[in-house]
Amino acid sequence: MGSQTTNYTVYFNANGGSVSTSSKTVTYGETYGTLPTPTRDGYIFAGWYTAASGGSQVTSSTTVTVASDHTLYAHWTVNQYYFDLNGYLDGASEDNINDFGTVDIYIDGTLVANDCTDYYQQHPYGSTYEIRDIKAATGKEYVGVYSGSLSGTITDMTRVILQFRTASYTVYFNANGG
């Protein structure tokens, strides 16, 4: 009678990330031992699992109970980053645009702040943002983006600074014949 093979190959599927070790040999009935740690921009590694979504978690101390070659899948938790709206008026920075004007803020195409003067909220990595409907307050003029962009993707702390200035007016005097 031949001996039964008890060594199997476990493959590592980074599930959207990168992993330096694509496979390793494991022995049925023993623990998995050292498992690689994958990486993925904007995400925290949440562990190795038996399915791409769901499944059971497998750690270095988990006993190998699958009597065949098999795959473990990385699971991830998305990072959250702040989106911050700031203002710049006549050479001075502010943490908001109170008294400068208002804007509408869209995240992933959905209006999240209407006629907003201050915004500082966390959103998942990869969310898109857009600042629309910029309205200067009475006596102020919107002159453009001082720093950042009116639209983009949140991949880290994202700060947008809108620039305003105090409106200047020319006053004409009519001597009315005098």
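Q: What makes strand S6 and strand S14 a pair?
A: Two strands pair if DSSP finds at least two bridges between them. S6 (residues 80-89) and S14 (residues 158-166) share seven bridges, in the parallel sense. So they meet the rule for a pair. One example is Asp-84, whose bridge partner in S14 is Arg-159. The model is predicted: local features need pLDDT of at least 70, side-chain atom pairs count only at pLDDT 80 or more, and totals for chains, interfaces and linings use all residues. Residues are numbered from 1 along each chain as its sequence is written, and side-chain values use heavy atoms, without hydrogens and water.

Q: How do you know that S12 pairs with S14?
A: Six bridges join S12 (residues 140-147) to S14, in the antiparallel sense. Among them, Lys-140 has Thr-166 as its partner in S14.

Q: Why are S2 and S4 called edge strands?
A: The open sheet has five strands in the order S2-S1-S5-S3-S4, with mixed pairing. S2 (23-27) and S4 (57-58) each pair on one side only. Strands here are DSSP runs (E, at least two residues), numbered from the N terminus.

Q: What does the side chain of His-75 reach?
A: The side chain reaches the backbone oxygen of Ala-52 at 3.2 Å.

How values were computed: Helices (H or I, at least four residues) and strands (E, at least two) are DSSP runs, numbered from the N terminus. A polar contact is a pair of N or O atoms within 3.5 Å; within protein, one must be able to donate a hydrogen and the other to accept it, and residues adjacent in sequence count only if both atoms are side-chain atoms.
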